[in-house]
Amino acid sequence: MVTEKDVSYVADLAHLDLTEAERARMLKDLNSILGYIDRLNELDTSAVEPMAQVASRYGARQDAGAMRPDEPRPSLPHDEAMHNAPASDGIFFKVPKVIER
Amino acid sequence: MNLHLLTVDSTRTAVLEKQTTATALVDEFYQKIEAEDAAIGAYLTLCQERAYLQAAYVDALADKGDALPPLAGVPIAIKDVFTTKRVRTTAGSKILGNFIAPYDATAVQRLEGAGAIVLGKTNCDEFAMGSSNENSGFHPVRNPHDHSRVPGGSSGGSAAAVAAGTAVASIGSDTGGSIRQPAAFCGVVGLKPTYGRVSRYGLIAFASSLDHVGPFGKTVKDVALMLQCMAGRDPLDSTSADVPVPNYLEHVGQPVTGMKIGVAQEYFGEGLDAEVRAAVEAGIQELAKAGCEIVPISLPHTEYAIPTYYVVATAEASSNLARYDGVRYGVRASDGQTLAEMYRRTRDAGLGTEVKRRIMLGTYALSAGYYDAYYLKAQRVRSLLARDFDNAFATVDAIVTPTTPTAAFKLGEKVDDPLAMYLADIYTVTANLAGVPGISVPCGKNKEGLPIGIQILGKAFDEPSVLRVAHVVEHAMAAAANPLSASPEAGAQR
């Protein structure tokens, strides 16, 4: 059962503030969805390997050949990479201060 | 030119035979979009400059009498989750409302390389999270068959554009059914290929192990042509498969005599609408008439697919969407005094309710103390679901199911009940978890005139069988299909 405290803790981890109304709604929805997800516990999976992805089953190379040679190659030009920055001094991304004095 | 009836092939032929020019076609499509799309809302951004440049290139090729590439002059639409260089790319989210992508997605680049003309970017559920397109950060999309109903989601705009005739074909992404479900609701063909068949480079990530790229078209042949141009290894996507690409078109129209078609009782249980069931059963009868052997099979873990999906997909999403923090791109909230406050204000203002819900669910499932109980548990059940398909495909060549439990529902009908919305994908998520290919083909209409879709699933990389079976169903059901998408091939021959 997810509690209000859990909602606050998880919102903090996810860098979300959430309004009071959103928190109340989230509490209700998470409990409803997790209640549905709990039916996975009907299955005994103690002898089943977890599967994180399908690429290894179907053809994507997992051997050294999957890696490209570690050689320098052109990357996105600096000005194009900075083009979408909400705040920039032309060289770096600008952000509010990180360290409190 | 009746834009409604154009297929990929007939469009290219019209340009090749100088019945029209690519530039004139682009004019006509933009006029149609201008006149009709306000009522549908399929497009978020049009890219006229890019479209006319490409049209001029195709026309120059045609003038010189050069061989035309396979998609020459074909006007297409791109779901707004694919990056397009110098064109706004939003993923349907306000947080990317001002984002101009610096490079093209591989799928887009390959389609343009084959001569296709990108008209614009289509509306979708925010970050492809939704089954109705109502989670778009901009505006909903309406079903061209009934404007009071949803087009499905998340690739609702791409499906609606093809159904409305404002694009000849389009592409979408499918993480849990986001190509097949809207294809079924809009009465068009939608294909989700095998995982790794089409590069995900430039696809804005939702759940990387479940995200697939695929085409929409009016016909099975059209999606085969589109897939042909996109498929194949891409060094820029390490999960793209190093598997040879067959000639898909050769398989469209081939007989299906002797093929074994599996029918799983788990896909015909409680919650399946009676008219959808009847239409799909009629489709299965047509396959039997065409010489297929219908084999009852079981995919016993199917009922666990939705809970598995909503753990795996949200866990991956919570990680993938951490990048939207207002630092490098996107819309930043201006009132944060510290870095952490800026992150929170930006994400609170820029992300919609469903996206926040999924980030919260995924973060919870990955958090200390719950990782084993939810994330690892879901990964283990995912193995069982993949094994179900392995076992089934040991005895059958393809599996036929309904694409969706019901036809298109009304706008607003499910917005307040996330769990009910999630169940709209009950027949489609399994193919994403297992990575196997699936297609939705129109299979008649219900009494209200709404399209019904039939889904054909195949073995990994066996798109040829999927397309072959799909083509037989398409032709058998053409008489019952909707006038928006019926017999475009016949129409184009006039």
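Me: What span in Å should helix α12 of chain B have, and why?
Reply: This is a predicted model, in which local features need pLDDT of at least 70, side-chain atom pairs count only at pLDDT 80 or more, and totals for chains, interfaces and linings use all residues. Residues are numbered from 1 along each chain as its sequence is written, with chains lettered from A and ligands numbered from 1 in the order in which they are written. A helix is a DSSP run of H or I of at least four residues, numbered from the N terminus, and its expected span is 1.5 Å times one less than its number of residues. Because α12(B) has 23 residues (371-393), and its end C-alpha atoms, 32 Å apart, agree with the expectation, the span should be 33 Å.

Me: Which element gives the largest share of the side of chain A that touches chain B?
Reply: Contact means C-beta atoms, placed from the backbone, within 7 Å; 47 residues of chain A meet 61 residues of chain B in this way. Elements giving two or more residues to that side of chain A are α1 (4-13), α2 (20-37) and α3 (78-82). The largest share, 7 residues, belongs to α2(A).

Me: How many helices does chain A have?
Reply: From the N terminus, its elements run α-α-α. Chain A has 0 strands, and its helices number 3.

Terms used
Two residues are in contact if their C-beta atoms, placed from the backbone, lie within 7 Å.
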